[in-house]
Amino acid sequence: MDQTKSMTWKQEIENTLIKRIETCKKCDLYKTRTKAVPGTGYLDADVMFVGEGPGKNEDLTGEPFVGQAGKVLDKLLEDIGLSRKQIFIGNTVKCRPPSNRTPSTSEMEACKPYLISQIELIQPTVIVVLGSAALTSLFGSGQSISRARGKSMIVNGICYFPTYHPAAALYRRSTLELIMEDFSKLKEIVQNRKRKNEN
Ligand code: URA
């Protein structure tokens, strides 16, 4: 069977986007990438997660959150009854910053159109903003993740919900507890928004 014929329009657009990301040279991060990490998941997801950028394992595999931070994220998702199959996971920058440094403002700006295209394609009702870089990319500099975390912001009908990046929980137990607190709020938000859409 001709695979392209059975593809949904969303898959076709995402595939075009993936090709553009994989060949992107809009900033210098392409020079050191092994694989770009466009993002993965369900294209009709109600909930989308936005991380910072690929680390070593993601750069090698082309998949988001497959390293230690990914294990933390998987456990947090499991605790609130979500699986990766139900969500979409993207990143602020799609190529690994060398030595896992924070992406620069210009790198985030260069990559932002891809993230915006993914948001427009998926049309999630909730976007979980994981950490400071994602918060800065989406809301501009001058934002503080410790002030913004755990509070939802509705913009253009989408509920943005910032929390700490799961990698931060690897170093501090107290941060993990705060993320867990935020995820239990997230569970309620997701359920409420689902109910609203069903009515
Ligand atoms: N951290 C991120 O922000 N994104 C990934 O994909 C992996 C680790």
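Biologist: How many cavities of 30 Å³ or more does this predicted model hold, and what makes a space a cavity and not a pocket?

Modeller: The count for this predicted model comes to one cavity of 30 Å³ or more. A space is called a cavity because a 1.4 Å probe fits there but cannot get out, whereas a pocket is an open set of points. The largest cavity has a volume of about 110 Å³, and among the 15 residues that line this cavity, those closest to its centre are Cys-24, Cys-27, Cys-95, Cys-111 and Tyr-114.

Biologist: Which helix gives the most to the lining of the largest cavity, and how does that lining divide by class?

Modeller: Helix H5 (105-122) gives the most, with four residues.

Biologist: Which elements each supply at least two residues of the lining of the second largest pocket, and which gives the most?

Modeller: H5, H6 and strand E6 (158-163) each supply at least two residues, and H5 gives the most, with four. The second largest pocket holds about 210 Å³ of space, and its lining includes Lys-112, Ile-116, Leu-138, Val-155 and Tyr-160. The classes here are eight nonpolar, two polar and two charged.

Biologist: How do you know whether H5 and H6 are parallel or perpendicular to each other?

Modeller: Their axes come within 10 Å and cross at roughly 80 degrees; angles from 65 to 115 degrees count as roughly perpendicular, and therefore H5 and H6 are roughly perpendicular to each other. In this contact Met-108, Lys-112, Leu-115 and Ile-119 of H5 meet Ala-133, Thr-136, Ser-137 and Leu-138 of H6, and by class the residues are five nonpolar, two polar and one charged.

Biologist: What makes the term for H2 and H5 parallel or antiparallel?

Modeller: Helix H2 (residues 9-22) packs against H5 at an angle of about 170 degrees, with the axes 11 Å apart. Angles over 145 degrees count as roughly antiparallel, and H2 and H5 are therefore roughly antiparallel to each other. The H2 side of the contact includes Trp-9, Ile-13 and Leu-17, and the H5 side includes Tyr-114, Gln-118 and Leu-121; the contact as a whole has seven nonpolar, two polar and three charged residues.

Biologist: Why are E1 and E5 called edge strands?

Modeller: Six strands form an open sheet in the order E1-E3-E2-E4-E6-E5, with mixed pairing, and strand E1 (40-41) and strand E5 (153-155) are the edge strands, as each pairs on one side only.

Biologist: How do you know that E5 and E6 count as paired?

Modeller: Pairing needs at least two bridges between the strands, and three bridges join E5 to E6, so this pair meets the rule. The two strands run antiparallel, and Cys-159 in E6 is the bridge partner of Ile-154.

Technical notes
Residues numbered from 1 in each chain as written. Predicted model: local features only at pLDDT ≥ 70, side-chain atom pairs only at ≥ 80, totals over all residues. Heavy atoms only, no water. 1 Å grid on protein atoms, 1.4 Å probe; cavity = no way out; pocket = protein on both sides within 12 Å on 5 of 7 lines; lining within 4 Å. Points joined across faces, edges and corners; volume = space filled by probe spheres on them. Nonpolar A, V, L, I, M, F, W, Y, C, P; charged D, E, K, R; others polar. Axes fitted to C-alpha atoms, helices over the stretch in contact; angles between N-to-C directions. Parallel < 35°, antiparallel > 145°, perpendicular 65-115°, else oblique. Contact = heavy atoms within 4.5 Å.
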